[in-house]
2 protein chains.
Amino acid sequence: MLGRYYRGQDCAAARALELVGERWSLLILRDAMFRQYRRFSDFEKSLGIAPNVLAKRLESFVADGLMELHVSAGEPREYLLTAKGRALKPVIIALTVWGDSWLEPGPIDYVHPGCDGIVEQSLRCGGCGDEVAVDEIGVRLRSTLPD
Amino acid sequence: MLGRYYRGQDCAAARALELVGERWSLLILRDAMFRQYRRFSDFEKSLGIAPNVLAKRLESFVADGLMELHVSAGEPREYLLTAKGRALKPVIIALTVWGDSWLEPGPIDYVHPGCDGIVEQSLRCGGCGDEVAVDEIGVRLRSTLPD
């Protein structure tokens, strides 16, 4: 069986992948974020995913605080994204931007409903304010930061 | 066996995940992007990953154009990121930013080597130029775009 955890990785990206890196996870979250799907049957239809796998993913999302389960008498259960779950939108957008550019353009744009403009991902330097190109970005250990 | 493909998903994010969504893939790419690892033994040591899995991932990356294999006589083989591979940095950064905020802060900052400032991810509207909050972002089918 594939593990879900990345032991020995002191890395926020690895920790994030422990919660959302399994097969189907990010596509379920995509449907919840951008198609407003909430019900088991909606995710199942959209993804063609085995019900036991879908159930396991949704359970994990609830346990990890990415979704909340809402149960009302006579209604199908609903899985609603929390703020923590919605905060993963930039991950889906970054994957989409890359797929659009390097694989094959997909069918959607992310839009700013206020003005109908297209939402663009950018990386900016908090120091000088410049946009930073992908090949310029470096890393620094936080423990070596100047005071 | 887990499939690698997401059949029936006309979605650039799903296409991206077909190339980088398997277990360990994004962490191997992280090490190549930000630690400048190139050799099989470096990835193996860093990740504690089974050699057969690592070999399979690196082969896929070469086949999919994310890495190039460099072979010189008497030297270990080297796997170098291509521009297509390096263009995935925003995906790793988005995962890191989310993990830092919602799970546990990791040990690194992404920096702009020119001025030593911290690189920040943002989503901006290409129409009005405003920063767009996660909860504001919507989607629109490209086929319904006005001319």
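1. Let me start with helix H4 of chain A, residues 51–63. This helix has 13 residues and spans 18 Å from its first C-alpha to its last, close to the 18 Å expected at 1.5 Å a residue. Please keep in mind throughout that the model is predicted.

2. Which residues of H4(A) are buried? They are A:Leu54, A:Arg57, A:Leu58, A:Ser60 and A:Phe61. These residues lie on the same side of H4(A) because they cover an arc of only 160° around the axis. Do look at A:Arg57 and A:Ser60 when you turn the model, as both are in the buried set.

3. Now for the opposite face. Turned away from the buried side of H4(A) are the exposed residues A:Asn52, A:Glu59 and A:Ala63.

4. What covers the buried residues of H4(A)? The cover includes three helices of chain A, namely H1, H2 (25–34) and H3 (40–47). It also includes two strands of that chain, S1 (67–70) and S2 (78–81).

5. Next, a loop residue. A:Arg39 sits in the loop between H2 and H3 of chain A. Is A:Arg39 buried, partly exposed or exposed? With a relative accessible area of 28%, A:Arg39 is partly exposed, because buried means under 20% and exposed over 50%.

6. Leaving aside residues up to four places away in sequence, A:Arg39 touches A:Glu75, A:Pro76, A:Arg77 and A:Glu78. For A:Arg77, the C-alpha atom is 6.4 Å from that of A:Arg39, although 38 residues separate the two along the chain.

7. How many cavities of 30 Å³ or more does the structure hold? There is 1, and the largest cavity contains about 110 Å³ of space. Its lining is made up of 16 residues, with A:Leu17, A:Gly21, B:Val20, B:Gly21 and B:Leu26 nearest the centre.

8. Both chains contribute to that lining. At least two residues each come from H1 (12–20) of chain A and from H1 (12–20) and H2 (25–34) of chain B. The largest share, 3 residues, is supplied by H2(B). By class, the lining of the largest cavity comprises 10 nonpolar, 3 polar and 3 charged residues.

Technical notes:
Residues are numbered from 1 along each chain as its sequence is written. Chains are lettered from A and ligands numbered from 1 in the order in which they are written. This is a predicted model: local features need pLDDT of at least 70, side-chain atom pairs count only at pLDDT 80 or more; totals for chains, interfaces and linings use all residues. Side-chain values use heavy atoms; hydrogens and water are left out. On a 1 Å grid over the protein atoms alone, a cavity is a set of points where a 1.4 Å probe fits but cannot get out, and a pocket is an open set with protein on both sides within 12 Å along at least five of seven lines; lining residues have an atom within 4 Å of a point. Grid points are joined across faces, edges and corners, and a volume is the space filled by probe spheres set on the points. Helices (H or I, at least four residues) and strands (E, at least two) are DSSP runs, numbered from the N terminus. Ala, Val, Leu, Ile, Met, Phe, Trp, Tyr, Cys and Pro count as nonpolar, Asp, Glu, Lys and Arg as charged, and the others, Gly among them, as polar. The expected span of a helix is 1.5 Å times one less than its number of residues. Buried means under 20% relative accessible area, exposed over 50%, partly exposed in between (1.4 Å probe, protein chains only). The arc is that of the directions from the helix axis to the C-beta atoms. Contact means heavy atoms within 4.5 Å.
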